[in-house]
Amino acid sequence: MKYHHEKIVTILSIDGGGVRGIIPAVILQFLEKKLQKLAGDENKRIADYFDVIAGTSTGGLITAMLTAPNKVNNKRPKFTAEQIVEFYKTESKHIFPPKGCWIRRILYYLHKPKYDGKELRKIIRNELEETKLSETVTNVVIPTFDMKQ
């Protein structure tokens, strides 16, 4: 039996993984370039093709950057996928700093989040300023929880 839907809902889900977030960012950069070529429009962005973009952890960061509105035209995304790749190349060493000995890291991670998020908050505030979820250019889902409580 076939189901008829009035509208297909397109969802992009981006996994977490710390600094490895550069992997989906590079894939999205490649996809964005291909979609621009197919559309014949270099202004097309990933957010133009999805009804919902979701991400966990570093995938949530990519989601936020893909859907953050541009100040000039708040209906258009602020960042290209290429800019997100460059962001990971330059900022990942600050956001995801390497820790010391592996035994200390294991003991540390048993009681606390992997990264404290201080640098991430500072960098994101600089990039996204006071952007609210209600202002994104498409719907987003970014699950969060408090590891300390």
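1. Glutamate 86 and lysine 89 sit three residues apart in helix α3, so about one helical turn separates them. Their side chains meet in a salt bridge at 3.5 Å, N to O; the term here means a side-chain nitrogen of Lys or Arg within 4 Å of a carboxyl oxygen of Asp or Glu. Glutamate 86 is partly exposed at 39% relative accessibility, on a scale where buried is under 20% relative accessible area, exposed is over 50% and partly exposed lies in between (1.4 Å probe, protein chains only).

2. A word on what you're looking at: this is a predicted model, where local features need pLDDT of at least 70, side-chain atom pairs count only at pLDDT 80 or more, and totals for chains, interfaces and linings use all residues. Residues are numbered from 1 along each chain as its sequence is written, and side-chain values use heavy atoms, with hydrogens and water left out.

3. Overall, the protein has five helices and three strands, in the order β-α-β-α-α-α-α-β from the N terminus. Helices (H or I, at least four residues) and strands (E, at least two) are DSSP runs, numbered from the N terminus. Of the 149 residues, 32% are buried.

4. Strand β1 (residues 11-14), helix α1 (residues 22-39) and strand β2 (residues 52-55) form a β-α-β unit that is right-handed, which means that, with the strands pointing away from the viewer, the path from the first strand over the helix to the second runs clockwise. β1 and β2 pair in the parallel sense over four bridges; DSSP has to find at least two bridges for two strands to count as paired.

5. Lysine 7 is exposed, at 58% relative accessible area.

6. Arginine 76 and aspartate 48 make another salt bridge, 2.7 Å from N to O. This pair links distant parts of the chain too, 28 residues apart: arginine 76 is in the loop between α2 (58-67) and α3 (81-95), aspartate 48 in the loop between α1 and β2. Arginine 76 is partly exposed at 25% relative accessibility, and aspartate 48 is partly exposed at 32%.
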